[in-house]
Amino acid sequence: MAGLFTGSHGRDEMHVLHGVDEHRPPTAEATKKICRVCGDEIGFKENGDLFVACFECRFPVCRPCYEYERSEGNKCCPQCNTRYKRHKGCPRVAGDDEENFDADDFDDEFQIKHYGDTAPDHQHLNTPSENGDHNQQQQQHPNGPAFSSIAGSVAGKDFEAEKETYTNSEWKERVDKWKTRQEKRGLVSKGDDSGNDQGDEDEYLMAEARQPLWRKVPIASSLINPYRIVIISRLVILGFFFHFRILTPAYDAFPLWIISVICEIWFGFSWILDQFPKWFPINRETYLDRLSMRFEREGEPNGLAPVDFFVSSVDPLKEPPIITANTILSILSVDYPVDKVCCYISDDGASMLLFDALSETAEFARRWVPFCKKYSIEPRAPEYYFSEKIDYLKDKVQPTFVKDRRAMKREYEEFKVRINALVAAAQKKPEDGWVMQDGTPWPGNNSRDHPGMIQVYLGSEGALDVDGKELPRLVYVSREKRPGYQHHKKAGAMNAMVRVSAVLTNAPFMLNLDCDHYVNNSKAVREAMCFLMDPQLGKKLCYVQFPQRFDGIDRHDRYANRNVVFFDINMRGLDGIQGPVYVGTGCVFNRQALYGYDPPVSEKRQKMTCDCWPSWCCCCCGGSRKKKSKQSKKKKGLKALLGLSGMYSKKKKMGKNYTRKSAGPIFDLEGIEEGLEGYDELEKSSLMSQKNFEKRFGQSPVFITSTLMENGGLPEGTNSASLIKEAIHVISCGYEEKTEWGKEIGWIYGSVTEDILTGFKMHCRGWKSVYCMPKRPAFKGSAPINLSDRLHQVLRWALGSVEIFMSRHCPLWYGYGGKLKWLERLAYINTIVYPFTSIPLLAYCTLPAVCLLTGKFIIPTLNNFASIWFLALFLSIITTGVLELRWSGVSIQDWWRNEQFWVIGGVSAHLFAVFQGFLKVLGGVDTNFTVTAKAADDVEFGELYLFKWTTLLIPPTTLIILNMVGVVAGVSDAINNGYGSWGPLFGKLFFSFWVILHLYPFLKGLMGRQNRTPTIVVLWSVLLASIFSLVWVRIDPFLPKQTGPILKQCGVEC
């Protein structure tokens, strides 16, 4: 399916500018009976009956997991926590009932007969699953614990997953260790060593594949418990501190005192919002070898789930095409099956420059991708790979590597020259507009009025690589734009890609990246799949968020561009609650969560009651069955009203039988009715309500059909022509009108920080998210290292938070009664409240200068008891920071840079964001945000020292001048008033130097390049020169000094 397709659905037109039809073969899903712990098949006993581990709740667990749990775990059922009984032939473990002296001959027929009456309640165990390996349909068990407890108990303590490959000796050692454990458990006799080494290895691989794909690693108690104790102590000290501050006003400086108290109370409130969501920090480990063993078995179809990559771009002149090309090349060469990867690039500026650059990128990918996979290159973005200052020959043993690398580097340099030529030609637009190579006018000559465009590169029917192998598909998308329509910037572009990808590939998972973020770890997708394809946790996950890491930042990270404190402390704390917030890039989404569906919820098991008692007795005992039935009917009616009542039950029962099996294109929802025989009319009518579906998803039957396919894939019998026509339709500018796109579905509109809103809505529905921090960073990007650009970036984030604060989605009042946890809510409140801290912060940073200039102070004279609370507060603040760095591993330099930029951004960008947000929401005055330039000069860190004037620089500059003048005035006053005035001066000077020290990076940014006089020298020179001048004036060395007796007037007129 190649060629550029353009069209506007509203005008009923579609143009094919060189295209080829393509027929996609139908997909099929295997049906298996699975274990809820490892995801493998549940075996049968010797008599042919299904193996049942627990006879209390009949939770589906295979025999190897059952035996492993009894020998290495907590010996209890993961669902009901009942101790496992010993089955016949299983080795005895500590704690087995000693009274059963004949336990070796124990048979479980007795338990089967005992529970025979309840067999109808457990029919789901005998009903095979209708979904594939990666997304098996689960019967939700009642009162089941979180999967973290299961992972913690059955995680392979003795298995090692740090390595991907092993030498022969290491592999033999692992197998021997496994055999030793099996002998201890009685599963293998020592006399069975008959040379069947291959069988032992197969058994070992099977046992390894059954282990969990990830495990939760809690912070050591020796690190986290002191941290929590200090937090509570600091909270108590803060209460006593406020008690003292409020009850002991400074009457001689009452206005200054009341302003300082208000500011300190706000700072205390902000600290609570920021601190307590970090109460449960955790780490997670993934096991990529187990993922491969489970889903990539030799001789079987690859079971890994398909993934659609989304890359968004707005203006290629401000976001250089060579950076975007590197991002795309790193995606196309990821370590993942090529037929399960598709990359969509959204061009929201309809630029022919990006279109031509993609053509060059697709051609260069035919050589770059096989080179990366042949030699296991990391990273797989050529610009960053060739610029790395490391020994690139390390661990390389192929004789041809050096020759191939040199040839590839030369080809990449030629590729860069071709891209640079395109950029140079695009600087001046022709009067008649751009023309394509075949003479056709470029459809996007008017970036605000153009049809939708789709171009498919590479893929199964496209060009192969130089080795003759298939490449991942690359799709160019530019949504239709017309005057008079609201397009919602990046959020609207992302939603358009969601719909296009659902029509063309419909992968169950989606990974979005900014155009300047490349894949730094080729196994990043596999890291995410360890969580999303987990049979227990995956169904409840809305996304897996990776931390952001950056290239091109100066060694000292002057303006806290790396944001290490947020990504390594705050996000890990949220991962222990309900999951990290979505930060806009480097995130793998569950498509069903973006469609606004609720996660599958485990229904609570009904209490065991006796039917022989009258109904009024049940009411007295607290179990009203009538009330429960009313509640269930109410919930069912609500789902029917929303059109979701049959959604999940259909998926559990039908799998993919709801798709139309005709050979023609699917343009009618009536085709979905096939396979619905046997369902009650209420369920069928709610499912088949075409009006309700169109109101929710839009008028596209093909897209609506894709939303019902939980495991992804395309309907059978579709062809490329019909899919392309429908893809053009779903990116038309009027498609989202009168639908729930941007309100309940996809990326949520209403803020320039659409990422916070989108993640917040998912968490309110009950979804969970996971924070994945692989040892090698998954993605890396570029950051604006210039002071002005950095402040504008922070301004945009803060403006989005203010918009959310003034919208109906504000976490202060939205989502109560839902499934959002309280600590998670505190974290979201902190994300939208922090810009307002700029007002008290600005006032508090001005107070030192005012105190020095007026001679007043915000604190009255301290007694010994009051000074204890001040000292205790400062010590608790320092101790909290030290212990936080201790458990997180963040360096003290990163922590201090974060503190400094919190003040710099707070008195500049955050302050402007508050006023601009109120103007935009209340006055309708929209503020345009200019994309910050990502390119740097040829000189290393040259952009860092480039001075760009902006109004955001005014408040911090004013604060520095005020405090420096205040220091000079305070010292001058102390010199004039004598020794007694130096004591009160120290508190004021400390207060003022605290402000200057936090604003020091800002002052350094104003001073310029490194080859000039260091900023600290200039700062101290100005201060010392001023103080020395005052001292000189006070001494007056050039005035004659009178010697002898001092003569005074006696007052008597002579």
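The structure is a predicted model, in which local features need pLDDT of at least 70 and side-chain atom pairs count only at pLDDT 80 or more, while totals for chains, interfaces and linings use all residues. Residues are numbered from 1 along each chain as its sequence is written, and side-chain values use heavy atoms, with hydrogens and water left out.

The mean pLDDT of the chain (the predictor's confidence in each residue, from 0 to 100) is 75, and 70% of the residues reach 70 or more. Over residues 607-679 the pLDDT is below 50, and this stretch has 97 contacts beyond near neighbours in sequence in the model, a contact being heavy atoms within 4.5 Å. Residues 929-939 also have a pLDDT under 50, with 20 contacts beyond four places in sequence. Where pLDDT is low, the predicted coordinates should not be read in detail.

The secondary structure comprises 34 helices and 15 strands. Helices (H or I, at least four residues) and strands (E, at least two) are DSSP runs, numbered from the N terminus. Of the 1054 residues of the chain, 52% count as buried; buried means under 20% relative accessible area, exposed over 50%, and partly exposed in between, with a 1.4 Å probe and protein chains only. Among contacts between residues at least 6 apart in sequence, 78% join residues at least 24 apart.

The largest nonpolar core contains 77 residues, and Phe309, Trp368, Leu474, Met529 and Val544 have the most contacts inside it. Helix α10 (residues 352-375) supplies the largest share of this core, 13 residues. A second, separate core has 69 residues, among them Val456, Phe697, Leu757 and Tyr771. A nonpolar core is here a set of buried Ala, Val, Leu, Ile, Met, Phe, Trp, Tyr and Cys residues joined through side-chain atoms within 4.5 Å.

Leaving aside residues up to four places away in sequence, Trp368 touches Leu329, Ser333, Arg380, Ala381, Pro382, Tyr385, Phe386 and Met408. Phe386 lies in helix α11 (residues 382-386) and is buried, because its relative accessible area is 12%. With the same exclusion of residues up to four places away, Phe386 touches Trp368, Arg405, Met408, Lys409 and Tyr412. Phe386 and Met408 are 22 residues apart along the chain, and their C-alpha atoms are separated by 9.8 Å.

Strand β6 (residues 341-347) is mostly covered, with 7 of its 7 residues buried. In a regular strand the side chains alternate between the two faces of the sheet. In β6, Val341, Cys343, Ile345 and Asp347 point one way and Cys342, Tyr344 and Ser346 the other way. Strand β5 (residues 307-313) pairs with β6 in the parallel sense over 7 bridges; pairing requires that DSSP finds at least two bridges between two strands. The bridge partner of Ser313 in β6 is Asp347.

The structure holds 0 disulfides, a disulfide being a pair of cysteine sulfur atoms within 2.5 Å. The sulfur of Cys343 is 7.3 Å from the closest cysteine sulfur, in Cys342, and is therefore too far for a bond. Cys343 counts as buried, at 0% relative accessibility. For Cys65 the closest cysteine sulfur, in Cys62, is 3.4 Å away, which is also too far for a bond. Cys65 is buried as well, with a relative accessible area of 9%.

Helix α28 (residues 864-888) has 25 residues, which at 1.5 Å a residue should span 36 Å, and its end C-alpha atoms are 36 Å apart, in agreement. The expected span is 1.5 Å times one less than the number of residues. Buried residues of α28 include Ala866, Trp869, Phe870, Leu873, Thr880 and Trp887. The elements covering the buried residues of α28 include α6 (221-247), α7 (254-275), α15 (564-575) and α29 (892-906). Just after α28, Gly889 takes a positive phi of about 80°.

Ile892 is found in helix α29 and counts as exposed, at 61% relative accessibility. The C-alpha atoms of Ile892 and Val882, 10 residues apart along the chain, are separated by 8.3 Å. Helix α30 (residues 909-922) has 14 residues and reaches 20 Å from its first C-alpha to its last, close to the 20 Å expected. In α30, Ala909, His910, Leu911, Ala913, Val914 and Gly917 are buried. These buried residues pack against α25 (787-805), α27 (838-854) and α29.
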